[in-house]
Amino acid sequence: MTSPLSCLSPLDGRYSEKCDALRKYFSEEALIHYRVFVEIEWLLFLTKRKDVPECRPLTKSEEKSVKKIHDEFSEKDALRVKEIEKKTNHDVKAVEYFLKERFSGTSLEDISEWLHFSLTSEDVNNLSYSLMLKDSCEECLLGEIEKIEKILFERSREWKGVPMLARTHGQPASPTTMGKAWLNFASRIRRQREGMDGLEFLGKLNGATGNFNAHIAAYPRVHWLEVSRLFVEKLGLVWQPVTDQIEPHDFIAELCHSFSRVGTILIDFSRDVWGYVSLGYFRQKVKKGEVGSSTMPHKVNPIDFENAEGNLGIANTLFHFFSEKLPVSRWQRDLTDSTVLRNLGVAFGHFLLALRSLEKGIEKLELNPAKLETDLLENYEVLSEAVQTVLRKNGVENAYEKLKELTRGKRLTKEGYESFVSSLGIPAPEKKRLLSLTPEKYTGLAEKIVDEFSR
């Protein structure tokens, strides 16, 4: 067996354990297993069709034996398929021959020619990949996204009342709260995830160029469109009736676009948190024995957020490539999609790895209230927005310009702020309210927004 140290991909080497959850969907063994499942399900489906009488019904014992091939499919079985493929140089035909081997010498031998009946390889492949994507999303990936979403919402509620200096364009701006900053990302992720709940996983079964040519040649009176629909829907997929040889992969492009949008949001989040760590708004928990820098002993680097950003970048690049390439096929079919589809797991592997890094990084974060407070108190000029707005309300001319002259590009101290407000010719209640204002208190409805929209 290949050592993790000699793997070409870090997903199978350095990060192997973190990606284990996806092997049951995207590995070569998994693909073979899905193909075996589709071939078996099609055979069983035909044996129950009265309009295909030559494909005899199975006994309960025989049906159980056929299903057992799939249910107990092992690495040894997958290796046998690969051995057959060395001779056939055709991966789907190798699955058919493997199943015929299993039927040989049993009561099923007389129906072995009904394996792969009237199918093109792409009937098997498109259904296998659709099931692969559907299962991986429903059983793993969407749950991982929801887990990150839940963590973000939890932190937004925890820190909803913690004032923080906002930094539009990287410069001090009207304060917000740390919780509101996290709510922004949580809400964006939730919207994307909820949109993904409506994604359709399509499948087709209609022969070599999508016209049921062979099916009609064998059984001209069978309603093959209805047969195809019933079978595809039986697998839990959405029937795709109009195709050439291949299902056109538009739904895979849609799926990849959805994941790339989540990835983009999380890249944005990773960079923001990295920046907050850099500013000292967060400390990171230190784990005994770990090293931050090979030469600077004091370093505790935000490596988890950097790791997440890097892996999301790889995943998004692949998602974008899949979205652009897979829906394009010369004439009725070319083989360029075949090798590309085999890399779907690479994109989702990097995506999952990023989510795991974010979970780990968030868990290390400890809020540093003292630093947040210091930044706020050193930037009283952010209250100029409040002052000029109140001046406008009270009919003071050139209110904005007055505050611009006082504060633009300058630091304003607490004393300077209070002196300026005290000199204003506005009603006493307005002046009193402005004098009571501090950067820490100038967070608007941030806390209320978290309460309202983090449920």
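1. Is Asn311 buried or exposed? In this predicted model, Asn311 is buried, because its relative accessible area is 6%, and a residue counts as buried when that value is under 20%. Asn311 belongs to helix 11, which covers residues 303-325.

2. The surroundings of Asn311 deserve a look with the side chains displayed. Its side chain makes a polar contact with the side chain of His350, at 2.7 Å. With neighbours within four places in sequence left aside, Asn311 is in contact with His350, and also with Leu353 and Ala354.

3. Apart from its neighbours within four places in sequence, Met196 has contacts with Leu142, Ile145, Ser258, Phe259 and Val262. For one of these, Leu142, the C-alpha atom is separated from that of Met196 by 8.2 Å, although the two residues are 54 residues apart along the chain.

4. The last point concerns a helix pair. Helix 15 (residues 384-393) packs against helix 16 (residues 399-407) at an angle of about 155°, and their axes are 8 Å apart. Because angles over 145 degrees count as roughly antiparallel, helix 15 is roughly antiparallel to helix 16. The crossing of helix 15 past helix 16 is right-handed. Helix 15 contributes Ser384, Val387, Gln388, Leu391 and Arg392 to the contact, while helix 16 contributes Ala399, Tyr400, Leu403 and Thr407. Sorted by class, this contact of helix 15 with helix 16 comprises five nonpolar, three polar and one charged residues.

Key: Residues numbered from 1 in each chain as written. Predicted model: local features only at pLDDT ≥ 70, side-chain atom pairs only at ≥ 80, totals over all residues. Heavy atoms only, no water. Contact = heavy atoms within 4.5 Å. Helix = DSSP H or I, 4+ residues; strand = E, 2+ residues; numbered from the N terminus. Buried < 20%, exposed > 50% of the residue type's maximum accessible area, 1.4 Å probe, protein only. Polar contact = N/O pair within 3.5 Å; in protein donor to acceptor, adjacent residues only side chain to side chain. Axes fitted to C-alpha atoms, helices over the stretch in contact; angles between N-to-C directions. Parallel < 35°, antiparallel > 145°, perpendicular 65-115°, else oblique. Left-handed = near helix turned anticlockwise from the far one by under 90°. Nonpolar A, V, L, I, M, F, W, Y, C, P; charged D, E, K, R; others polar.
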